[in-house]
Amino acid sequence: MSGPVEELARAGVATVYEGYSRRGLLDEEWISLIPGRKIAGPARTALCGQADNRAVHEVMTHLRPGEVLVLTMPSPEPFALLGDLLATQARVAGAAGVLVNAAVRDGAELAALELPVWCRWRRARGATKSVRGSVNVPVEIGGTTVRPGDLVVLDDDGAVAVAAADVDDVVRSVRERIAKEEGLRARWQAGEFSYDAYGMRAEDEKGDR
């Protein structure tokens, strides 16, 4: 990672989401197979057939170093779209990580690969390979449309996607937010209360009169 990608990865999902005017959140409950990882990269997408992972096999041939592989299906279900053999291909291709809007299996083997993977479920139930699906197409996950090339940020807080055209603006906004939060953190460490600094105490006491 380098440049804006590395900067937004360090900032993390919550800060990027706030810096993006609370947009782009992939608002689902995600499981991180390797807790503590913070990554970012351009999206490489696959829209699988329902309970089918044939498109995952195809998208591996398109995957490039530093990309985040984003896998989904029309209606997410706990079928395993990714296991250790497919994850091995993603790791060899240099993927920054994988987001699976479905299940994964071979969890111990995936963790051993040290490839950061986020998923909705961990389940042994296998997918079929009958439906070609589509690769490199926009996909909708958790109320957000992710397009190929959009920047996806992942950490223990979940996932957020930033449209490719908005990345530079979001980087500037994130820098401003981090600087502001560092100033606030220093004030709180000095003993000041946010309840007072934000005027909430004054408002509440006025309402009590």
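A salt bridge is here a side-chain nitrogen of Lys or Arg within 4 Å of a carboxyl oxygen of Asp or Glu, and across the interface of domain 1 and domain 2 this rule finds one. The structure is a predicted model, in which local features need pLDDT of at least 70 and side-chain atom pairs count only at pLDDT 80 or more, while totals for chains, interfaces and linings use all residues. Residues are numbered from 1 along each chain as its sequence is written, and side-chain values use heavy atoms, with hydrogens and water left out.

The domain bounds in the table come from an automatic or database domain assignment.

| Domain | Residues |
|---|---|
| domain 1 | 4-164 |
| domain 2 | 170-208 |

The centres of the two domains, taken over C-alpha atoms, are separated by 34 Å. Ten residues of domain 1 are in contact (heavy atoms within 4.5 Å) with eight residues of domain 2. The area buried between them, meaning the accessible area (1.4 Å probe) that two parts lose on being put together, summed over both, is about 760 Å², and carbon and sulfur atoms give 72% of this area. On the side of domain 1, Glu7, Thr15 and Gly19 lose the most area to domain 2, together 52% of what that side buries.

Glu7 also forms a salt bridge with Arg175, where the closest N and O atoms are 2.6 Å apart. The elements that give two or more residues to the side of domain 1 touching domain 2 are α1 (4-11) and α2 (13-19), helices being DSSP runs (H or I) of at least four residues, numbered from the N terminus.
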